[in-house]
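Subject: Structure for you to look at

Hello,

Here is the structure I promised. Please open it alongside this note, and my findings follow below.

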Amino acid sequence: MYKTKAYSATSATSKLASATIPRREPTDHDVQIEILFCGVCHSDLHQVRNEWKEVMPTIYPCVPGHEIVGRVTRVGRGVTKFKAGDLAAVGCMVDSDHTCPNCKEGLEQFCPNVTLTYNFPDKHETAPVTYGGYSDSIVVNERFVLRVPSNLSLAGAAPLLCAGITTYSPLRHWGVTKGKKVGVVGLGGLGHMGVKFAHALGAHVVVFTTSPGKTEDALRLGADEVVVSRDAAAMQEHASTFDFILDCVSANHDINAYVNLLARDGNLTLVGAPEKPLALSAFGLIMARRSLSGSPIGGIPETQEMLDFCGKHNITADVEIIPIQKVNEAYDRLLKSDVKYRFSIDMASLKSE
Ligand code: NAP
Ligand code: ZN
């Protein structure tokens with residue numbers, strides 16, 4: 001075991017602050033990574049504040065962060081994919097059982113024994129739970145380490161590891177392609193990646209936002225149209241026309257308004273995970289055989305596919321780079337929908353703690 005620097009929360013109401021955490025020495029199949037950038041996902045905030053206590057209660061201290069890019073510093077004897085000096089990335093998962101039908105299909109996100117990057121029981125017992133990327137370094141089994149295309153900026157690539165794959169995966173699963181009409185609800189970290197991917201896949205993209213001030217950005221990011229969701233008449237113009245809508249909203253909102261925008265057999269997928277249950281009217285689904293579903297991140301093969309797609313199309317997140325010392329302020333701004341469009345922490349700032 002060795003010690004490394006991190007930022008952690010010690011309760012649902014405390015601010016994130018400097019701490020020292022243990023990491024395991026790399027075993028045969030492990031890769032040790034010096035973390036260079038880590039994105040700030042709204043899930044980090046939900047988890048730190050224990051807003052998902054019904055489903056995944058938070059164990060403190062909590063070190064969040066699952067949008068990790070960095071440089072390999074050491075590898076175990078059996079590692080074949082990486083060597084010291086390589087760029088590497090880690091997303092929301094650090095292990096799974098490798099034997100279940102989901103793992104065999106490369107859908108590790110559905111493995112009943114998946115280990116998430118933070119706040120999950122640590123199989124190696126280095127600590128009670130796994131600790132995430134708001135840290136100097138991390139040690140991960142090579143199967144869960146991804147390659148970053150060399151043409152991408154590292155600060156902008158970090159958010160691909162969660163916001164990127166979480167939006168890419170359902171767009172692909174639901175067959176978004178040229179000729180499809182696609183809605184993206186909520187222009188935050190996930191939403192802005194959803195717009196970039198849906199546009200790159202050739203769809204006609206409509207952004208729904210509560211922030212009129214984001215209209216120009218939405219068009220620049222690849223939207224064909226922007227609707228301010230409080231404008232009932234503008235919403236009505238799109239009734240029953242969408243093939244697919246991706247809901248990326250982090251707080252309670254009326255999903256029925258979006259169900260009603262789906263065409264016959266259209267699908268609304270929730271990736272946003274608000275604290276409280278959402279109310280759904282059955283009739284919106286029944287009358288046009290519409291469907292409602294959800295989607296968690298994506299498997300390791302699809303995450304690599306997404307990164308390679310980003311390399312090919314030169315896609316990264318639009319980021320505001322912050323030092324770790326500004327992370328509490330960043331959380332406050334997330335709650336005000338004031339992020340353009342992802343905070344990316346420059347981990348060099350942790351060295352001064
Ligand atoms: P974010 O950057 O904070 O963006 C959320 C956006 O939702 C805001 O920018 C805002 O967009 C909209 N919004 C916020 N409050 C709203 C309200 N009260 N009513 C309507 N719209 C509102 O968050 P994020 O990091 O993209 O994450 C979004 C959600 O996805 C979170 O719940 C997160 O936990 C979840 N998530 C899920 C997965 C998964 O695997 N399914 C993975 C990562 C994250 P406008 O200003 O445009 O309205
Ligand atoms: Zn995330």
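An oxygen atom of ligand 1 sits 2.7 Å from a polar backbone atom of Leu187. Please keep in mind that this is a predicted model. Lys214 uses its side chain instead, with an N or O atom 2.7 Å from a ligand oxygen. How much of ligand 1 does the protein bury? Taken alone, the ligand exposes 920 Å², and the protein buries 88% of that.

Two elements give two or more residues each to the shell around ligand 1: α1 (42–48) and α5 (189–200). Of the elements, α1 gives the most, with 3 residues. The shell holds 31 residues, and those that come nearest are Thr209, Thr210, Ser211, Lys214 and Arg342. By type, the shell divides into 14 nonpolar, 15 polar and 2 charged residues.

Next, the aromatic rings. The count comes to 6 aromatic pairs. One of them is Phe208 with Tyr258. The ring centres of Phe208 and Tyr258 are 5.4 Å apart and the planes stand at 75°, so this pair is edge-to-face; the cut-off for that label is over 60 degrees. The pair links distant parts of the chain. Phe208 belongs to strand β10 (residues 204–209), Tyr258 to helix α8 (residues 256–259), and the two are 50 residues apart.

Are these two residues buried or exposed? Buried means under 20% relative accessible area. Phe208 has 1% relative accessibility, so it counts as buried. Tyr258 has 6%, so it counts as buried too. Elsewhere, ring pairs link Tyr168, Phe197 and Phe309 into a cluster.

Last, strand β8 (residues 137–141). Why is β8 described as largely enclosed by the rest of the structure? Because 5 of its 5 residues are buried. Ser137, Val139 and Asn141 point one way from the strand. Ile138 and Val140 point the other way. Strand β3 (residues 30–40) runs antiparallel to β8, and 5 bridges join them. In that pairing, Ile33 of the chain stands opposite Ile138 in β8.

Then turn to the edge-to-face pair of Phe208 and Tyr258.

Best wishes

How values were computed
Residues are numbered from 1 along each chain as its sequence is written. Chains are lettered from A and ligands numbered from 1 in the order in which they are written. This is a predicted model: local features need pLDDT of at least 70, side-chain atom pairs count only at pLDDT 80 or more; totals for chains, interfaces and linings use all residues. Side-chain values use heavy atoms; hydrogens and water are left out. Buried means under 20% relative accessible area, exposed over 50%, partly exposed in between (1.4 Å probe, protein chains only). Helices (H or I, at least four residues) and strands (E, at least two) are DSSP runs, numbered from the N terminus. Two strands pair if DSSP finds at least two bridges between them. A residue is near a molecule or strand if one of its heavy atoms lies within 4 Å of it. A polar contact is a pair of N or O atoms within 3.5 Å; within protein, one must be able to donate a hydrogen and the other to accept it, and residues adjacent in sequence count only if both atoms are side-chain atoms. Accessible areas come from the Shrake-Rupley method with a 1.4 Å probe; for residues, only the protein chains shown count as cover. Ala, Val, Leu, Ile, Met, Phe, Trp, Tyr, Cys and Pro count as nonpolar, Asp, Glu, Lys and Arg as charged, and the others, Gly among them, as polar. Rings of Phe, Tyr and Trp (its six-membered ring) pair if their centres lie within 6.5 Å; planes under 30 degrees apart count as stacked, over 60 as edge-to-face and the rest as tilted.
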